[in-house]
Amino acid sequence: MKRGQTGIKRGSLSREAMDERLREQKAAYTRKYQRQYRDLIHQLLGHKCVRCGFSDDRALQIDHVYGGGTKETRSMSVGAYRKKVIASVALGEGLYQLLCANCNWIKRAEKNEQANKKWA
Ligand SMILES: [Zn+2]
């Protein structure tokens, strides 16, 4: 049996093709909004690494000033996390900062040397 022959057709598209197209549109929509949240957070946090001043967006990461970031990000969706960060930054809580990937790894090594020894 050929694919699409038994599917519900809308126009020239099979049900599977429609579903696929909808999934793609939804993903593109989500990516667009996630990107906007990310850009907004970077803008609010000054667009550069607080340690070294590195400013290439592609390697800047949101860092928890007081740690605990991994646990927090694992407990919620990326979107929910970013909304939480935006709310916190807007309130001036001082809980988040931007670090470049290098400084973020260095900070992790400084805070938790034992756990990072296996990577050395
Ligand atoms: Zn840096």
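**Entry 1: starting at Y37.** I began with Y37, which sits in helix α1. A caution to myself: I am looking at a predicted model. Is Y37 buried, exposed or in between? I found 16 other C-beta atoms within 10 Å of Y37, so I put it down as partly exposed. Being buried would take 20 or more such atoms, and being exposed 12 or fewer.

Next I asked which residues Y37 is in contact with, once its neighbours within four places in sequence are left aside. The list is G79, R82, K83 and I86. I then looked up the pair Y37 and R82: they are 45 residues apart in sequence, yet their C-alpha atoms are 6.4 Å apart in space.

**Entry 2: the whole chain.** Walking along the sequence, I wrote the pattern as α-β-α-α-β-α-α.

I also looked up burial for the protein: of its 120 residues, 9% count as buried. Then I turned to contacts with a separation of 6 or more, and 67% of them are between residues 24 or more positions apart. The pair Y37 and R82, at 45 residues apart, made me want to look at that.

**Entry 3: α1 by itself.** Helix α1 covers residues 15–44. I checked its length against what a helix should give. At 1.5 Å a residue, its 30 residues should span 44 Å, and I found the end C-alpha atoms 43 Å apart, which agrees. How many of the 30 residues of α1 are buried? The number is one, so I wrote that α1 lies largely in the open.

I picked T30 in α1 as another spot to check. T30 has 12 other C-beta atoms within 10 Å, so it is exposed.

Entry 4: After α1 comes G46, and I noted its positive phi, near 95°. H47 has a positive phi too, of about 60°, although it is not a glycine. Where does H47 lie? I found it in the loop between α1 and β1, the strand at 60–64. H47 has 13 C-beta neighbours inside 10 Å, so I logged it as partly exposed.

**Entry 5: α3 by itself.** I gave α3, residues 78–90, the same length check. Its 13 residues should span 18 Å at 1.5 Å a residue, and the end C-alpha atoms are 18 Å apart, which agrees. Following α3 is G92, with a positive phi near 70°.

A87 is part of α3. It has 10 other C-beta atoms within 10 Å, so I marked A87 as exposed. A87 and I41 are 46 residues apart in sequence, and I read off 9.7 Å between their C-alpha atoms.

**Entry 6: how α1 and α3 pack.** Two packed helices are described by the angle between their axes and the distance between those axes. For α1 and α3, I noted an angle of about 25° and axes 10 Å apart. Angles under 35 degrees count as roughly parallel, so that is what I wrote for α1 and α3. Their crossing is left-handed.

Which residues make the contact? From α1 I listed Q34, Y37, R38, L40, I41 and L44. From α3 I listed V78, G79, R82, K83, V85, I86 and V89. Sorting them by class, I got eight nonpolar, two polar and three charged residues. Y37, where I started, is one of the α1 residues in this contact.

Methods:
Residues are numbered from 1 along each chain as its sequence is written. This is a predicted model: local features need pLDDT of at least 70, side-chain atom pairs count only at pLDDT 80 or more; totals for chains, interfaces and linings use all residues. Helices (H or I, at least four residues) and strands (E, at least two) are DSSP runs, numbered from the N terminus. The expected span of a helix is 1.5 Å times one less than its number of residues. Axes are lines fitted to C-alpha atoms, for helices over the stretch in contact, and angles run from 0 to 180 degrees between N-to-C directions. Angles under 35 degrees count as roughly parallel, over 145 as roughly antiparallel, 65 to 115 as roughly perpendicular and the rest as oblique. A crossing is left-handed if the near helix is turned anticlockwise from the far one by less than a right angle, and right-handed if clockwise. Two residues are in contact if their C-beta atoms, placed from the backbone, lie within 7 Å. Ala, Val, Leu, Ile, Met, Phe, Trp, Tyr, Cys and Pro count as nonpolar, Asp, Glu, Lys and Arg as charged, and the others, Gly among them, as polar.
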